[in-house]
Every structure is written in C-alpha cells, then in structure tokens.
Amino acid sequence: MKIIEDANREALKRMLSGDPVLVDVIPASAAIPELKQRMILHAGPPIGWDRLCGPMRGAVTGIAVFEGWAPDLEAAENLAADGAFELHPNHHFDAVGPMTGLTTISQPVMVIENRTFGNRAYCAINEGLGKVLRFGGNDEEVLDRLRWLRDVLGPAMGKALRSGDGIPLKSLIARGLTMGDEMHQRNVACSGLTLRALAPALATTTTSDDGLPEILAFVGGNDQFFLNIAMAMGKAIMDPVRDIDGSTLVTAMSRNGTDFGIRVSGTGDTWFTAPVEMPEGLYFPGFTESDANPDMGDSTIVETIGLGGFAMGAAPAVAGFVGAGAASGAAVFTRTMGEITFGENPEWTIPALDYLGVPTGIDIRLVVETGLAPTINTGIAHKEPGVGQVGAGVVRAPMSCFEQALRGFAERIGVS
Amino acid sequence: MNDVVVNKVRKGFYLDSVALMRLSRKIAEKEGIREAALMMGTPQNREIMTNAGLLEEAGRAAEGGDLVIAIRAITRETAETALIESESYLDQPMAAGGEGVAWRPRTLRAAVKSMPEANLVLISVPGDFAIAEARKAIRRGLHTMIFSDNVPLEEEAALKREARELGCLVMGPDCGTAIINGTPLAFANSVPRGEIGIVGASGTGTQEVTCLIAQYGGGISQAIGVGGRDLKSEVGGISTLMALDALEADPKTKQVVLISKPPPTEVASRVLERIAACRKPVIICFIGSGELTMPTNAVQVYTLKDAARKSLGLSLDGIENPDSVRIGQARRACVHGLFSGGTLCAEAQVIFRAAGEIVRSNSPVPGASPVNHSGEGHLLLDLGDDQYTLGKPHPMIDPTVRDEMLINSVNDITVGIILVDLVIGYGAHEDPAGHFAKILKANANNDQPIILASVTGTDRDPQNRTDQIAKLKSAGVLVAPTNADAANWAITAIQSRRGEVH
C-alpha cells in the first residue's frame with residue numbers, strides 16, 4: 001500500500017510539474033525518424049486492417065492516396081487488404097491523433113516539448129469541422145486540405161514558432177478553463193488564445209503570398225484547432241509518468257474505433273483492451289445513432305490529464321449531450337471523476353466549482369472499486385468510410401480495461 | 001413524399017451548439033416532422049443542412065453569426081407550427097429557478113474529502129461489502145456504525161480487533177439504532193438530550209428504553225449501539241467495553257444503561273469486571289437472563305421498562321391496569337404476540353414467564369419453548385426474524401408483513417388476546433398505526449380478540465406518538481403506556497379469565 005501510494009505520489013508530481021510548450025511544426029518524417037513510406041500510425045491500441053472500423057478504413061485509403069502510395073481510393077483499399085501498409089499505434093512513436101488520428105511521413109506535426117523532462121510529443125494539425133480525414137472523410141476536398149496543411153499552414157506555423165520561444169501551454173489551459181473550454185469538445189477559447197499568441201510572429205514570418213490571409217481565416221474559423229495541441233500536450237505530460245514501479249495511475253487511454261486500450265504506469269507498455277462503447281449524444285440533421293461508429297481516437301489523452309470529461313464543469317453546455325442535460329449537471333461529472341483520481345491539479349481550476357482543481361491522475365484501483373469508469377467527451381464519426389462527422393456526445397471507458405489492468409498490476413507486484 | 005421545407009434566419013442570434021442540438025432533436029421528434037435543425041449558419045453547418053434536405057433560399061443566405069431554423073415536414077402547416085414553436089423556445093430558453101443538479105459523494109473517500117471534520121460513518125451496504133467499507137473507514141480513523149447484516153461472525157471479530165488497535169469504535173454489524181450527540185441514526189427516535197448514556201446490543205431495546213426515559217421526563221447523552229453479536233464469545237464484547245469507556249469519559253453522562261441478550265458467562269464476567277471499575281452507576285438489562293451477582297455500582301433489571309425507570313430513580317411497581325380488559329365469552333385465553341421488535345418480543349416473554357405462563361416463540365428466551373414445540377402456551381413471535389423478512393423489508397419499515405398473521409389471529413377462535421408493538425421514529429414506516437387500524441377495520445369480527453398494543457416512540461418523532469395512539473384507539477385497540485405494561489395487561493386478563501372459567 002505504502003509503495004503504491006508513494007509511486008502514485010511520484011506519478012502525480014511528474015504530471016503536475018510538466019511544462020508543455022508548443023515549439024514547432026515540422027514534417028512527421030523529421031519528428032519521427034522511424035516513419036517510412038507505407039507506414040501508417042493510427043489512433044488507439046494495435047490493430048490490423050481486417051479489424052479496422054469503417055471510418056478508419058476510409059482514412060487509411062485516403063491517406064494512402066494523399067501520400068501517393070495508391071492512385072485512387074479503390075487501389076488503396078486493395079493494397080491495404082493485401083497488407084501493403086504497416087499499421088502502428090501513434091502512442092508507440094511519441095504521437096497522438098484525434099478520431100482516426102492517422103500520422104504519415106509527409107504530414108506536418110506540431111511539436112510539444114515538455115521542458116521539465118525534455119521529452120517531445122507530436123500531433124498532426126486539426127483539419128477543421130465537417131468532412132475531414134479524422135472522421136473517415138477521404139474525398140478530394142479532404143485530401144486537398146491535407147495538402148494545404150502540408151504545404152502552407154504547417155511550414156508557416158513552424159516558421160512563426162521558431163522565431164520565438166514557443167507558446168507555453170500550462171497557463172494557456174488555465175485561462176481556457178476559466179473561459180469555458182474543457183479542451184476536448186470545447187476549444188474555442190484556447191484556439192483563440194493560440195491564434196492571438198501566434199499572430200504577431202505569423203505576421204512577421206509569413207507574407208500574403210505565402211497564404212497568410214488563408215491561414216488566419218482557417219485557424220480563426222476552426223473552433224477545434226486547439227484540440228490537437230491539447231492532445232500532443234497530454235502526451236508530452238504523460239510520457240514521463242510511464243514506467244513508475246508500483247504506480248496504479250493511467251498513462252494513456254486510447255481507442256481505434258474497435259478496441260479501447262489503456263496503459264498504466266506500473267505495468268509498462270502493456271495495453272489493456274476491451275471493445276469500444278457507443279457514445280450517448282446528439283446527431284446532426286439527417287443522421288441518427290444507427291449511423292454512428294463507436295468511440296474512436298487518441299483524444300482521450302485529454303481526459304487522462306484531467307481535462308475533457310473530467311473538466312466538464314468548466315463547459316456546462318457539454319452536459320447537454322447526455323440524459324436530461326441540465327447544465328448544472330456538468331459539475332457533477334467533474335466531481336464524480338474526482339472519485340477516481342489520485343489528486344487535483346491546483347493550477348487548472350474551474351471558477352464555477354469554487355476553483356476546484358481538475359481531477360487528475362486516474363487510479364485504476366479507484367475505478368474498479370467505485371465502478372465509475374472515466375467520462376469521455378467525444379465526436380461521433382459515421383460508421384461508413386468517407387462520410388465524416390455525424391454528431392458528438394459523451395461515452396464511458398469500458399470497465400473491463402481497468403479490471404484487466406488491475407489484475408495485471410497485481411500479478412506484477414506479486415499479489416494474487 | 002412532397003415534404004415541405006421551411007427556413008427562418010435570425011440575424012446575429014447566437015446560442016450554444018449543444019443547446020441547439022437538443023432543441024433540434026426536440027422539434028424533430030414532433031409528429032409530422034421529417035427533419036429539423038437549429039444551427040448557426042457557418043459554411044459547414046449549411047452543408048450539413050443541405051445534405052439533410054433542409055435548406056431553401058433563406059437558409060442558404062445565412063452567415064456564421066446567424067441562426068438558421070430549418071424544418072422539413074409532411075405539410076406546410078406542421079412545418080409552420082414547428083417553426084413558431086422553435087422560435088418560442090429561443091425567446092424563452094429556460095424556465096427560471098431550475099432546481100439544479102447536486103453532487104453527492106459516491107465513495108467514502110470523496111465524502112471524507114468534502115467533509116473533513118466528520119469522524120463517524122454509517123455504513124449500509126449489502127453484507128458482503130460491509131466489512132471492506134468498514135475497514136476503509138477505521139483506517140481513516142473514523143468511528144463506524146454498520147447497519148448492514150449478514151456479516152460472518154469471525155469477520156466481525158477481526159474488524160473489531162483491528163478497530164480497537166486504531167482507537168475506533170465499531171457499532172455493529174447489524175446495528176439498527178444509535179443516537180450520537182443528539183442525532184438519531186438509522187432506526188432511532190427523537191428524544192431530549194440528558195444524562196443517561198446507553199450501550200445497546202439490541203436496536204428495539206434501545207429504542208424502547210430511550211423513548212421511555214423521554215416519556216418519564218429524562219434525556220439521553222449518547223445511545224451507542226454495538227450490534228447484536230458483540231457479546232458473543234467470538235467477539236468478546238469489544239465494542240461494549242469501548243462504549244463503556246466512552247460513556248465513563250463523557251462528562252455529560254451521569255448514568256449508564258447496558259441492554260443486551262444474556263451473554264455467555266465468560267463475556268458477562270469480563271463486562272461486569274469492567275463495570276465494577278467504572279466510576280459511574282450502571283443499570284444492566286440482560287433481557288431473559290437470570291439473576292447475576294452485580295458489582296456494587298450496578299443494578300440488574302429484567303425488563304426494558306424497569307431499565308428506563310431505574311435509570312431515573314423511579315419506583316418499579318408502576319403498572320397502571322386498565323379498568324377492564326375482558327376477554328369475550330366465545331374466546332379462549334391464548335395470547336398471540338405479533339412483534340416487529342425482537343427485544344420487545346423478548347421482554348414480553350420474560351414478563352409472561354415471570355407470571356408463570358407457558359410461552360412459545362421463534363426466538364425463545366430462556367424458559368420459553370421453540371415455536372415448533374407442540375402443545376399449549378401463548379405464541380409470541382418476532383416478525384423481524386429472518387424467516388419472515390427473507391427478501392422483504394423489516395416489519396418496522398413495511399408493516400404489511402404482519403397483516404396476514406393479524407387477520408388469521410383475529411379469526412382464530414382460540415385466540416383471546418393479540419399483543420402487538422408499533423415502533424415509530426426515523427427509519428420506520430410513516431404511519432404504522434394508520435395501517436394497522438385500516439387492516440383491523442377491514443377485518444372486523446363480532447367477537448374478536450382484545451387487541452393490546454404499545455407504541456415505542458415520542459411526540460417529537462415524525463409520526464407523532466400521540467397521533468399514532470389516537471389512531472389505534474379509534475380502531476378499538478387498547479394502548480398500554482409501555483410494551484411491558486401491554487404484556488402485564490394481557491396476563492391480568494387471561495388469568496382473570498381462567499378465574500371466571502374455573
């Protein structure tokens with residue numbers, strides 16, 4: 001018990017002492033040297049093509065065309081079925097990605113440096129709303145946008161960031177929480193704050209000929225622009241917390257649209273997986289729950305650090321996705337998540353909850369003991385490839401992951 | 001399939017997207033509506049609405065800062081009605097003064113965090129989990145009241161040993177009653193505070209004694225429950241001894257009362273040894289026990305009523321017999337006692353035995369026979385016993401458990417008297433007397449037995465004892481001031497009836 005308490009205290013200390021800074025945007029090939037042609041990093045725990053869900057398949061074929069590995073979607077699908085592409089989790093390469101979350105060699109990735117520990121984490125740039133690759137969209141409009149991100153926004157953002165000392169994120173999150181973001185479904189404030197921090201450098205390092213007006217319009221028009229930054233930040237914060245012997249805190253939660261997987265500090269690199277669940281949510285006109293793909297994406301790294309569903313109290317409207325939907329119920333989500341976390345974050349507080357710190361450090365023991373699975377705020381993709389987002393909602397992590405993890409942990413420390 | 005599409009754009013009107021999605025769903029669920037959307041008019045949203053066949057010219061012209069109401073319906077009239085309704089929601093988005101959703105802690109850990117000054121926890125979970133929860137509590141230094149039952153005896157003993165090491169008192173398992181610092185816990189009554197401290201291994205016994213003390217003008221400092229098995233050899237009275245320590249140390253307590261079933265000899269002597277060392281006077285009621293040698297500062301009594309009277313220094317011969325309790329001519333002199341309180345049943349048996357009456361019971365005191373014992377005798381039943389409550393609430397919570405037996409006894413020609421207890425207070429049924437009266441009236445009989453009752457409770461209880469007594473009386477029930485008096489009245493009636501017959 002004492003060993004576990006001490007290990008968890010150390011884990012929480014590392015989480016809270018992280019100093020994540022957005023420092024650069026560089027090609028994935030430069031960020032992740034292991035990346036090569038025909039290699040695709042995806043959201044969630046490991047999975048093969050045969051078990052991939054519809055939107056993930058749509059994204060894989062789309063990215064194959066984008067990377068020039070296939071002339072068209074049909075050819076790409078045949079290649080994928082033949083095993084021509086190597087699939088690996090983002091998490092195995094210091095990266096994360098929302099929804100389908102694909103990372104490939106020529107995409108630009110944002111670089112978050114955790115200055116306390118010196119590690120870096122990466123995430124591609126958010127494509128905006130509507131029909132996008134991360135929700136399984138893969139038509140020419142989707143691929144053209146990816147090309148623009150690669151050729152225009154990525155290089156410009158990198159140049160602007162390199163001209164300064166980067167954008168520190170810890171205080172930016174603290175402000176965002178007071179402005180109504182929970183950094184998973186709500187990123188309006190943080191996206192605006194980021195653009196505000198970035199704009200002067202952009203104006204200096206990028207000209208109108210390099211697409212400055214389009215860049216400003218794109219970032220300014222994308223309420224979820226910050227999500228990918230928050231995710232890479234989450235990864236950068238959590239990686240130094242891995243591999244603490246005796247710690248029962250979760251270091252990653254992630255889903256590939258088929259399986260939900262978690263990793264725990266004291267159990268090394270093992271993924272504990274279970275089938276993903278279906279979010280409860282609201283749908284865009286023309287779509288219903290029967291169109292929905294179950295839960296997907298690495299974005300649950302945001303909940304892992306105490307944001308998203310854990311910070312629902314900061315974004316009361318989000319509670320409207322579930323049940324009776326009273327905004328006053330948002331605080332209940334946050335306080336309930338406090339029942340399964342080891343501590344709170346004193347720097348990330350929610351004014352409406354009397355400046356309660358967001359619940360931080362999911363303890364698998366508490367999850368199993370209370371039967372309270374982490375609450376996750378999420379987008380909902382269409383289950384067929386190529387359609388895109390159909391709604392948004394709230395979902396629970398599958399309890400079985402935590403039960404397996406606890407058993408695995410017990411074996412590891414020699415308790416049967 | 002000639003759907004009608006209606007659009008309306010409200011310039012510069014913003015509402016949160018989740019609120020709009022909820023509103024859209026509400027409108028879309030209406031009769032005759034094919035699809036409905038309330039969305040800000042951003043390019044992406046306009047595309048979604050176009051794909052859903054919802055946009056006409058007006059909606060297509062909207063901009064990002066405009067709210068689009070788009071409805072597709074089976075008739076124009078339906079669409080227009082839904083449009084008006086949507087707008088009225090927008091104009092009056094929320095009824096004022098919503099209750100709000102409050103958070104309640106789901107675990108001990110969170111509860112302690114939200115109330116760090118608390119030092120007592122009441123645990124009421126299925127018995128399989130009670131010990132685990134109690135362990136968590138004592139390891140946090142909390143005194144613990146365990147309402148749960150069905151806990152193995154050896155686990156109770158182990159828990160109490162650990163708690164003693166940690167300096168925590170464990171009340172229970174199966175502790176139904178306590179009053180701590182004036183707060184009634186679980187099944188307990190609202191009584192004035194005073195100088196008498198109770199240690200009770202019996203829930204209804206503690207309720208009867210605290211209520212009688214209140215009835216006689218006294219008050220309670222603390223009533224500490226210990227659970228029905230604390231004085232068994234396996235547990236050895238750990239909590240009883242700790243409770244005695246606590247009451248001895250409590251400056252507000254001048255007199256201590258101990259209520260329990262008769263303990264085994266070695267436990268009794270350990271408890272009496274501790275009492276002998278106590279600086280305060282102690283009244284001991286081991287209900288059903290024979291006479292024991294008492295330390296000089298202790299007095300043994302044999303009924304709950306005497307425990308209450310003695311604690312206030314009142315005389316013990318205060319039976320007020322009613323003018324006439326006469327058993328009907330057609331009836332025989334057998335008593336059926338239908339008790340909801342186990343210790344009240346035991347007290348009645350003790351009084352019957354002391355009067356030389358033959359008694360059968362499902363939980364017999366020494367000298368009474370088991371219920372399956374064939375032959376003569378009065379039948380005094382504890383209806384709170386497991387055999388009657390299996391899968392049902394306790395009769396104190398759900399008085400219908402007693403209904404069928406009551407009706408049978410009313411119609412049983414051999415029964416001259418029906419003896420019942422009604423226990424009110426926190427946790428008990430909201431109107432047991434009203435229910436009892438209703439059942440009696442519905443099953444009235446020309447030559448029915450005498451119904452004798454007592455009500456354990458006070459006028460400060462939510463049910464109000466005076467009101468409860470009035471309801472019983474209006475149904476023809478004779479109400480005695482105490483459970484012991486009710487038993488004595490019954491004995492007087494049956495013995496005088498025998499006199500008549502002889």
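## Domains of chain B

In this predicted model, the centres of domain 1 and domain 2 of chain B, taken over C-alpha atoms, lie 66 Å apart. The domain assignment, which is automatic or taken from a database, places domain 1 at 4-91, domain 2 at 108-311 and domain 3 at 334-501 of chain B.

Residues are numbered from 1 along each chain as its sequence is written, and chains are lettered from A and ligands numbered from 1 in the order in which they are written. Because the model is predicted, local features need pLDDT of at least 70 and side-chain atom pairs count only at pLDDT 80 or more, while totals for chains, interfaces and linings use all residues.

## Overall form of chain B

Chain B contains 17 helices and 20 strands; helices (H or I, at least four residues) and strands (E, at least two) are DSSP runs, numbered from the N terminus. Its radius of gyration is 32 Å, well over the 23 Å given by the globule rule for 502 residues, so chain B is more spread out than a compact globule. The radius is taken over C-alpha atoms, and the rule is 2.2 Å times the number of residues to the power 0.38. Along the principal axes, the C-alpha atoms of chain B fill a box of roughly 105 × 60 × 40 Å.

## A three-stranded sheet in chain B

Three strands of chain B form an open antiparallel sheet in the order 1-3-2; strands pair if DSSP finds at least two bridges between them. Strand 1 (4-10) and strand 2 (33-40) of chain B are the edge strands, each pairing on one side only. Seven bridges join strand 1 to strand 3 (residues 67-73) of chain B, and Lys8(B) stands opposite Ile69(B) of strand 3.

## Strand 15 of chain A

Seven of the seven residues of strand 15 (residues 375-381) of chain A are buried, meaning that 20 or more other C-beta atoms, placed from the backbone, lie within 10 Å of a residue's own. Thr375(A), Asn377(A), Gly379(A) and Ala381(A) are buried on one side, and Ile376(A), Thr378(A) and Ile380(A) on the other. Strand 15 runs antiparallel to strand 16 (residues 389-396) of chain A, with seven bridges between them; Thr375(A) has Arg396(A) as its bridge partner.

## Contact between the chains

In chain A, 22 residues are in contact with 25 residues of chain B, contact being defined by C-beta atoms, placed from the backbone, within 7 Å. Helix 11 (residues 330-337) of chain A gives the most to the side of chain A that touches chain B, with four residues.

Methods:
A residue is buried if 20 or more other C-beta atoms lie within 10 Å of its own, exposed if 12 or fewer, and partly exposed in between; C-beta atoms are placed from the backbone. Two residues are in contact if their C-beta atoms, placed from the backbone, lie within 7 Å.
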